[in-house]
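This report describes selected contacts in a protein chain. Please view the sequence and the structure together while reading.

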Amino acid sequence: MRDATVVLVGDDPSVRDSLSLLLSLKGLHTRIYASAERLLETYDPGWRGCVLTDLKMPGMSGIELQQALAARGARLPVVVLTAHGDVATTRLALKAGAFDFLEKPVDDAVLLDVLLNAIERDRARHAAEAERSVVEDRVARLTPREREVLLLISRGLQNREIGAELGISPRTVEVYKARMMEKLQCRSVADAVRISLEVTQG
């Protein structure tokens, strides 16, 4: 979580400062914005971490900020903090994809726990995307015939059945399978099947 940042958005300077101090004392980096509009002006898709936004602000609200970020393809978890919580607003925020919705005054320990969980979700998503990218690169190195063998293996076919399907000998299937396993860096057929399913179903 070394690169993670909590993006703080709120129109009350004293609240922003106190939250920033609290988070910095806990070792968390922060970016501070007085409005949703200012954040959107400088938003960087490479940011990692989460957003902690006030709900009611002059101009764009916290939920509107959430929707604007989503429209840009941003996937940072958003935590909404407000003194004006009600069931309808909470449902609206969560329906819009908020990670959590907290009412002021919020206990410091609760706030930190929610933010750390939001940061962990962002980290896990990035890690999964990076792993998927590596897998896709490996699959892209397969020849068309090796891809066919991978697909048929994932359907549960044995070498003899694959050979009959492709019009080649079982021994030739074994050669293609060995090359495919090496390129995919798989230690077992089960690993190859898992990769095939990840790529075709993802």
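This is a predicted model: local features need pLDDT of at least 70, side-chain atom pairs count only at pLDDT 80 or more; totals for chains, interfaces and linings use all residues.

**Aromatic pairs**

The structure contains 2 aromatic pairs. Tyr33 and Trp47 make a tilted pair, with 6.3 Å from centre to centre and 35 degrees between the planes. This pair joins distant parts of the chain, 14 residues apart: Tyr33 lies in strand E2 (residues 29–33), and Trp47 lies in the loop between helix H2 (36–42) and strand E3 (49–54). Tyr33 has a relative accessible area of 12% and is buried. Trp47, with a relative accessible area of 9%, is buried as well.

Trp47 also pairs with Tyr43 in an edge-to-face arrangement, where the centres are 5.5 Å apart and the planes stand at 85 degrees. The cut-off for an edge-to-face pair is over 60 degrees between the planes, so the 85 degrees of Tyr43 and Trp47 place the pair in that class. Tyr43 and Trp47 are both buried. Tyr33, Tyr43 and Trp47 together form one aromatic cluster.

**Nonpolar cores**

The largest nonpolar core consists of 23 residues, and Val9, Leu39, Val51, Leu65 and Leu69 have the most contacts inside it. At least two residues of this core come from each of strand E1 (5–9), H2, helix H3 (62–71) and strand E4 (78–82). H3 supplies the largest share, 4 residues.

Beyond its neighbours within four places in sequence, Val9 is in contact with Tyr33, Ser35, Ala36, Leu39, Val51, Leu52, Thr53, Asp54, Met57 and Leu65. Among these contacts is Tyr33, which also belongs to the aromatic cluster.

Another core of 19 residues lies apart from the largest one, and includes Leu8, Val79, Leu81 and Leu115.

**Helix contacts**

Two packed helices are described by the angle between their axes and the distance between the axes. The table gives these values for two contacts that involve helix H8 (residues 170–184).

| Helix pair | Axes come within | Crossing angle |
|---|---|---|
| H7 (residues 159–166) and H8 | 8 Å | roughly 100 degrees |
| H6 (residues 144–154) and H8 | 9 Å | roughly 90 degrees |

With axes crossing at roughly 100 degrees, H7 is roughly perpendicular to H8. In this contact, Asn159, Arg160, Ile162 and Gly163 of H7 meet Pro170, Val173, Glu174 and Lys177 of H8. The residues involved are 3 nonpolar, 2 polar and 3 charged.

The axes of H6 and H8 cross at roughly 90 degrees, and these helices are therefore roughly perpendicular to each other. From H6, the contact takes in Arg145, Glu146, Val149, Leu150 and Ile153, and from H8 it takes in Tyr176, Lys177, Arg179, Met180, Lys183 and Leu184. By class, 6 of the residues are nonpolar, none is polar and 5 are charged.

**Single residues**

Ala98 is placed in the loop between helix H4 (87–95) and strand E5 (100–103). The relative accessibility of Ala98 is 9%, and the cut-off for buried is under 20%, so Ala98 counts as buried. Leaving out residues up to four places away in sequence, Ala98 touches Gln66, Val78, Val80 and Ala93. Gln66 is 32 residues from Ala98 along the chain, with 7.4 Å between their C-alpha atoms.

Arg48 is in the loop between H2 and E3, the loop that also holds Trp47. Arg48 is partly exposed, at a relative accessible area of 28%. The C-alpha atoms of Arg48 and Ala4 are 4.9 Å apart, although 44 residues separate the two in sequence. Not counting residues up to four places away in sequence, Arg48 touches Asp3, Ala4, Thr5, Leu76, Asp122, Arg123 and His126.

Ser14 belongs to helix H1 (residues 13–25). Its relative accessibility of 48% makes Ser14 partly exposed. Between the C-alpha atoms of Ser14 and Lys56 there are 16 Å, and the two are 42 residues apart along the chain.

Key
Residues are numbered from 1 along each chain as its sequence is written. Side-chain values use heavy atoms; hydrogens and water are left out. Rings of Phe, Tyr and Trp (its six-membered ring) pair if their centres lie within 6.5 Å; planes under 30 degrees apart count as stacked, over 60 as edge-to-face and the rest as tilted. Buried means under 20% relative accessible area, exposed over 50%, partly exposed in between (1.4 Å probe, protein chains only). Axes are lines fitted to C-alpha atoms, for helices over the stretch in contact, and angles run from 0 to 180 degrees between N-to-C directions. Angles under 35 degrees count as roughly parallel, over 145 as roughly antiparallel, 65 to 115 as roughly perpendicular and the rest as oblique. Contact means heavy atoms within 4.5 Å. Ala, Val, Leu, Ile, Met, Phe, Trp, Tyr, Cys and Pro count as nonpolar, Asp, Glu, Lys and Arg as charged, and the others, Gly among them, as polar. A nonpolar core is a set of buried Ala, Val, Leu, Ile, Met, Phe, Trp, Tyr and Cys residues joined through side-chain atoms within 4.5 Å.
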